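Hi everyone, thanks for coming. Today I'd like to walk you through how the parts of one model meet each other. Have a look at it first, and then we'll go through the contacts together.

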Amino acid sequence: MSNSFEMIVPARFRLNGISFEKDIPISWTLLRFLREGLGYTGTKCGCEIGECGVCTILFNGQAVNACLVMAPQIDGANIWTIEGVAPLAANKLHPIQQAFIECDAVHCGFCSPGMVMTTIALFMQNKKPDDEQIKRALAGNLCRCTGYSQIIEAVRLAATLIAEGDLKKFNSNNTAGKS
Amino acid sequence: MRSGEFAPIAGGTDLVPQMRHSQPRQLMDISRIGIDFINSENDAVEIGAAATHTRLNSDNSIKEFLPLLSRASGLVGSWQIRNRGTVGGNIVNASPCADTVPALLIYDAKVVLVSSKKKRMISLAEFILKPYLTDIKPNELLHSIICRKSDQPAGASYLKLGRRQAVNISRMTLAVSLVKDENDIIKSAQIAVGSVFPVPSRVTELENMLVGQTITSALFNDAANLAADLMIRESGLRWSTSYKKPVLIGLMGRALNEAAGIKGIRQ
């Protein structure tokens with residue numbers, strides 16, 4: 001996709017609560033920029049056409065596929081990836097991650113970052129989702145190990161563990177830099 | 001999105017996958033230029049082209065005045081796709097199976113196109129020329145869509161046939177809005193279909209057949225069969241006809257019954 005004469009554009013954005021100012025190759029998707037430009041490889045690369053959901057991140061508080069966002073579009077945006085989910089410097093996991101482990105919802109683990117990000121977005125809208133709401137929210141996240149029942153169980157368990165403060169940092173309409 | 005020096009990009013949910021198979025294009029981000037509004041006016045609702053499906057699906061005025069559009073936008077792709085994908089993109093991409101287009105056609109949608117020189121308005125039905133081709137000019141941007149508010153009180157049905165329950169590409173889409181009086185006589189009917197004809201379209205011949213008639217199961221059976229005949233007349237006999245014909249008859253019957261408020265009929 002890119003070549004050695006790749007044009008770049010500057011962008012200001014927040015990623016996992018930290019302000020960045022970076023030059024972004026114009027032809028890169030956000031997924032590629034996260035992984036290759038910043039080294040944030042927690043966001044996985046699967047189908048790259050928006051069907052599998054392994055690249056799900058939070059874009060201004062909403063779950064989106066990073067493979068469908070052109071990287072320069074993050075100028076002014078507030079992005080959260082799996083790397084920012086666990087509390088900083090506390091040496092512990094986020095309750096959603098804890099629930100995934102306790103329910104054996106992580107098989108090969110490739111879909112897990114996306115599943116966790118979509119689950120955060122779900123809880124930001126609905127603290128007590130029923131099974132139908134969980135399934136509908138996670139419909140865009142595929143698990144090729146087909147461990148769906150454990151994943152749904154994990155989301156159910158996470159709903160009982162989660163406190164208001166566990167979601168606060170993701171909820172950000174205040175965008176960084178210019179808008 | 002096919003011609004011109006710059007391709008406008010908003011959500012990118014159709015455009016970015018398409019770019020994997022084509023020459024790199026210059027893109028112009030239109031997701032933050034203030035055309036994601038929803039304005040409810042006297043008898044119309046104007047929707048900015050960059051309004052996302054999630055936005056349409058959660059908006060109360062859409063739910064109240066354009067119920068079929070509210071339902072259609074909630075069935076597009078996955079949650080992630082709905083959070084980025086826009087109604088304008090769904091129209092301009094002009095896929096025969098675009099989820100929102102049959103719903104928009106029910107409400108006599110008009111598209112507002114702007115260029116640096118002028119602004120023009122054209123009906124959505126005329127705007128979509130053939131699969132993946134619209135009447136948009138290289139220097140034009142789809143600005144907004146203006147919909148007539150639903151007849152009140154209308155019964156409505158939106159059916160999307162897919163190969164699975166979620167994140168599916170529509171194999172057939174039916175949108176029906178009916179108004180009946182106290183004697184079960186149909187006062188007005190709007191019917192639109194996707195993936196039946198080459199482009200999503202209103203089925204005026206079917207609407208005309210229904211208006212003024214008393215609702216009976218025989219009427220709806222005749223109507224469903226007429227829909228299938230019209231499909232074959234327009235699209236010809238194809239490899240898929242032996243499947244699509246009985247499915248269209250069944251779904252049209254179900255949609256008409258649902259819009260007429262008749263419950264418990266299983267086809």
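So, what distance separates the centres of domain 1 of chain B and domain 2 of chain B, taken over C-alpha atoms? The value is 24 Å. Please keep in mind as we go that this is a predicted model.

Let me place those two domains for you. In chain B, domain 1 covers 6-148, and domain 2 covers 155-259. Where they touch, domain 1 of chain B puts in 20 residues and domain 2 of chain B puts in 19 residues.

Let's stay on the domain 1 side of that contact. Three elements of chain B each supply at least two residues there: helix 4 (67-74), helix 7 (100-106) and strand 7 (128-130). Which of the elements gives the most to this side? That would be helix 7 of chain B, with 5 residues. For those of you who think in side chains, the side of domain 1 of chain B that touches domain 2 of chain B has 15 nonpolar residues, along with 2 polar and 3 charged ones.

Now over to chain A, which is also assigned two domains: domain 1 (8-84) and domain 2 (95-167). Taken over C-alpha atoms, the centres of domain 1 and domain 2 of chain A are separated by 21 Å. Their contact draws 14 residues from domain 1 of chain A and 13 residues from domain 2 of chain A.

On the side of domain 1 of chain A that touches domain 2, strand 3 (56-59) and strand 4 are the elements giving two or more residues. Strand 3 of chain A gives the most, with 3 residues. By class, this side of domain 1 of chain A divides into 7 nonpolar, 6 polar and 1 charged.

Last stop: the place where the two chains meet.

Methods
Residues numbered from 1 in each chain as written. Chains lettered and ligands numbered in written order. Predicted model: local features only at pLDDT ≥ 70, side-chain atom pairs only at ≥ 80, totals over all residues. Domains from an automatic or database assignment. Contact = placed C-beta atoms within 7 Å. Helix = DSSP H or I, 4+ residues; strand = E, 2+ residues; numbered from the N terminus. Nonpolar A, V, L, I, M, F, W, Y, C, P; charged D, E, K, R; others polar.
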